[in-house]
Amino acid sequence: MKQTGQIEKSVVSTDADAIVPQVELESTYVPDVDIREEKGVITVLADMPGVDQQSVDVTVENNVLTVEGRVRTEAPAGYELVGREYDTGRFRRDFTIADTVDTAAIKARMKNGVLEVLLPRREQAKARKIEIAG
Amino acid sequence: MLKLITWPRNAWSIFDELESLRAGMRKTFDGEGSDDEGRRVLSWRSRPTYPLMNVWSSPDGIIVDAEVPGVDPKDVEVSVSGDQLTIRGKVNPERVDRADTYYRCERLAGDFERTLQLPFRAVAEAVKANYRNGILRLTVPRSEAEKPRKIAVEAA
């Protein structure tokens with residue numbers, strides 16, 4: 001078993017530039033969401049103020065839905081910030097989707113800083129009334 | 001995301017004024033009240049701050065950015081009275097009526113009202129309001145008389 005002194009030396013002697021952690025200059029925030037279901041369609045509404053259609057990404061991979069938005073901060077020119085109650089940065093949230101959702105039919109829409117994602121259930125997963133024969 | 005910053009260099013901080021206004025309101029609504037039907041009503045201090053605002057200042061005036069995603073501009077009312085700027089409205093009103101199954105409700109829904117104390121008297125007609133991507137930007141210019149003017153210092 002190596003002694004502590006020797007282990008430290010071997011760590012330090014590796015190429016320091018081989019892997020450098022990225023410094024995140026921008027904070028990432030979790031958007032508030034409402035999730036509801038009506039008539040076989042699940043709707044996710046995520047509040048992402050300051051995000052427009054071009055700066056939002058919605059991806060589905062392996063039953064995980066990821067929504068990500070980038071905020072266009074526009075500090076007005078010639079003005080000085082005197083009060084700040086909210087910070088601006090990136091929005092990101094992941095959701096696990098059940099197998100009963102038809103991932104190929106997912107639709108998304110961005111309006112007024114709210115992202116709406118529609119997730120329809122697969123046909124056979126929808127509730128069906130069963131007729132009772134007399 | 002909530003970060004309240006008072007800038008020590010400024011003698012006036014817009015949020016100091018807002019806090020004193022809120023403290024005054026708190027005294028009026030102190031404790032848990034009940035409305036006409038006997039239901040318990042949230043006291044003023046339990047209500048979350050909404051909308052969150054960032055404020056910029058310049059000799060020309062003030063710009064306020066308020067985060068109000070998903071509202072209909074018709075449901076938001078901006079009014080000015082002397083040196084007070086009020087934003088009032090309804091957010092996500094349809095959530096109250098819908099009969100869907102909700103699995104998660106994190107967004108705010110209901111009526112909101114917030115008043116900001118300005119360091120000058122605003123001219124209502126000159127206030128501009130712009131709603132884009134869920135951010136309401138209010139541009140409140142100072143009147144010409146209230147703009148800072150340089151005063152020459154004469155040698156005695």
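How much area is buried between chain B and chain A, and what percentage of it do carbon and sulfur atoms give? In this predicted model, the buried area comes to about 4000 Å², and carbon and sulfur atoms account for 49% of it. Chain B brings 45 residues to the contact, and chain A brings 35 residues.

Polar interactions across the interface come next. Between chain B and chain A, 20 residue pairs are in polar contact, with both residues at pLDDT 80 or more. By residue class, the side of chain B that touches chain A holds 21 nonpolar, ten polar and 14 charged residues. Four salt bridges are found across the interface of chain B and chain A. In one salt bridge, the side chain of Arg93(A) meets that of Glu106(B), with an N to O distance of 2.7 Å.

The two chains are also linked through strand pairing. Strand β2 (residues 33-38) of chain A runs antiparallel to β8(B), and four bridges join the two strands. Here Ile35(A) faces Arg104(B), a residue of β8(B).

Turning to chain A itself, four of its strands form an open sheet in the order β1-β7-β5-β4, and the pairing is mixed. The edges of this sheet are β1 (28-29) and β4 (56-61) of chain A, each of which pairs on one side only. Strand β5 (residues 64-70) and strand β7 (residues 90-96) of chain A are antiparallel and share seven bridges. Along this pair, Leu65(A) is positioned opposite Phe95(A) of β7(A).

Arg88(B) belongs to strand β7 (residues 84-91) of chain B. Its relative accessibility is 32%, so Arg88(B) counts as partly exposed, a class that lies between the 20% and 50% limits. Beyond neighbours within four places in sequence, the contacts of Arg88(B) are Asp75(B), Val76(B), Glu77(B), Phe112(B) and Glu113(B). Although Phe112(B) is 24 residues from Arg88(B) along the chain, their C-alpha atoms are 5.6 Å apart. The side chain of Arg88(B) makes polar contacts with the side chain of Glu77(B) at 2.4 Å and with that of Glu113(B) at 3.1 Å.

Notes. Residues are numbered from 1 along each chain as its sequence is written. Chains are lettered from A and ligands numbered from 1 in the order in which they are written. This is a predicted model: local features need pLDDT of at least 70, side-chain atom pairs count only at pLDDT 80 or more; totals for chains, interfaces and linings use all residues. Side-chain values use heavy atoms; hydrogens and water are left out. Contact means heavy atoms within 4.5 Å. Buried area is the accessible area (1.4 Å probe) that two parts lose on being put together, summed over both. A polar contact is a pair of N or O atoms within 3.5 Å; within protein, one must be able to donate a hydrogen and the other to accept it, and residues adjacent in sequence count only if both atoms are side-chain atoms. Ala, Val, Leu, Ile, Met, Phe, Trp, Tyr, Cys and Pro count as nonpolar, Asp, Glu, Lys and Arg as charged, and the others, Gly among them, as polar. Two strands pair if DSSP finds at least two bridges between them. Buried means under 20% relative accessible area, exposed over 50%, partly exposed in between (1.4 Å probe, protein chains only).
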